Amino acid sequence: MSSSLNHFIAADPEKCIGCRLCEVACSQAHSSGSAFTAGALSGPILPRLYVVQTPEITIPVQCRHCEDAPCANCCPVSAITRKNGAIVVETKLCVGCKTCMLACPFGAIELLPVYKNGAPVMQAVLCEEKETAMEEAPMLFAGKCDLCTDRKKGPACVEVCPEKALSIVDPSRMKRERNIKAAMSFLNNSQNFS
C-alpha cells in the first residue's frame with residue numbers, strides 16, 4: 001500500500017446477500033488455529049466486521065481507517081495506532097475501556113474476548129457483591145478491522161465474498177478515476193452544445 005492515505009474496505013449493498021461468509025473468514029483470519037469447517041473451530045466466531053441486516057439493506061460494517069482516527073485519538077493507553085496504512089489495535093495494550101467504541105462514527109468497534117489456545121484468557125476484576133474482592137472474567141479488547149495487515153493475501157473478507165460485494169479502496173486512485181470520469185462526462189456534454 002503505497003498511498004499516504006489509509007486504504008479501507010467498501011461494501012456494495014446492491015451485491016451483498018447477507019451470507020455472513022465475510023464474518024467467518026474474518027474470524028478465521030484472526031484466530032491462532034486453522035479450520036476449514038465450522039465444526040473444526042476451537043473457539044467462537046469473533047469477526048471484526050459486522051453484517052447489518054434491516055428490511056431495506058444488508059451490508060457489512062467495518063472500520064474506515066480514518067486519517068484522523070477518533071478511536072486512536074481518544075485511546076488513553078495508546079493501544080490504537082497506524083500500521084502499514086491501517087488503524088490497528090494492539091491487543092496486549094487494550095484495557096477494554098470502551099472509549100474507542102464511543103468515538104467511532106461508524107460503530108465499527110466491538111469488545112471481543114481474548115482467546116489463547118482455544119480458551120478465553122481470564123483476568124481479575126472487581127466483584128459486584130463484595131466491593132473489595134476480586135473475581136475472574138474474560139479479558140476483552142477492542143476488536144476492529146485491521147485490513148488483515150499480517151495476511152499475505154490481504155483482507156480475508158474480500159477474498160471469500162461470493163458476490164464480490166467487498167473491495168479494497170485506494171482513496172488516491174479512486175479520486176483520480178472520479179476526476180477522469182467527470183472530465184469525460186464534461187467533454188461528452190460539451191460536444192452536445194457545439
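Cys counts as nonpolar here, along with Ala, Val, Leu, Ile, Met, Phe, Trp, Tyr and Pro, while Asp, Glu, Lys and Arg count as charged and the others, Gly among them, as polar. I note also that the model is a predicted one.

**Entry: cavities.** I looked for cavities and found four of 30 Å³ or more. The largest cavity has a volume of about 90 Å³. What kinds of residues make up the lining of the largest cavity? I sorted them into eleven nonpolar, one polar and two charged. The lining has 14 residues, and Cys-16, Cys-19, Arg-20, Cys-22 and Cys-161 lie nearest the centre of this cavity.

**Entry: helix 1.** I went on to helix 1, which covers residues 21-29. Its buried residues include Cys-22, also listed for the cavity lining. Glu-23, Ala-25, Cys-26 and Ser-27 are buried as well. What covers the buried residues of helix 1? I noted strand 2 (50-53), strand 3 (58-61), helix 4 (156-160) and strand 12 (166-169) among the elements that do.

**Entry: Ile-45.** I then looked up Ile-45, in the loop between helix 1 and strand 2. Why does Ile-45 count as partly exposed? Its relative accessibility is 42%, and partly exposed runs between the 20% limit for buried and the 50% limit for exposed. Leaving out residues up to four places away in sequence, I found that Ile-45 touches Glu-23, Val-24 and Ser-27. Ser-27 is 18 residues from Ile-45 in sequence, but their C-alpha atoms are 5.5 Å apart in space.

**Entry: rings.** I searched for aromatic pairs and counted zero. I did find Arg-64 over the face of Phe-106, at 5.8 Å from the ring centre.

Technical notes
Residues numbered from 1 in each chain as written. Predicted model: local features only at pLDDT ≥ 70, side-chain atom pairs only at ≥ 80, totals over all residues. Heavy atoms only, no water. Buried < 20%, exposed > 50% of the residue type's maximum accessible area, 1.4 Å probe, protein only. Helix = DSSP H or I, 4+ residues; strand = E, 2+ residues; numbered from the N terminus. Contact = heavy atoms within 4.5 Å. 1 Å grid on protein atoms, 1.4 Å probe; cavity = no way out; pocket = protein on both sides within 12 Å on 5 of 7 lines; lining within 4 Å. Points joined across faces, edges and corners; volume = space filled by probe spheres on them. Phe/Tyr/Trp six-rings, centres within 6.5 Å; stacked < 30°, edge-to-face > 60°. Lys NZ or Arg CZ within 6 Å of the ring centre and 35° of its normal.
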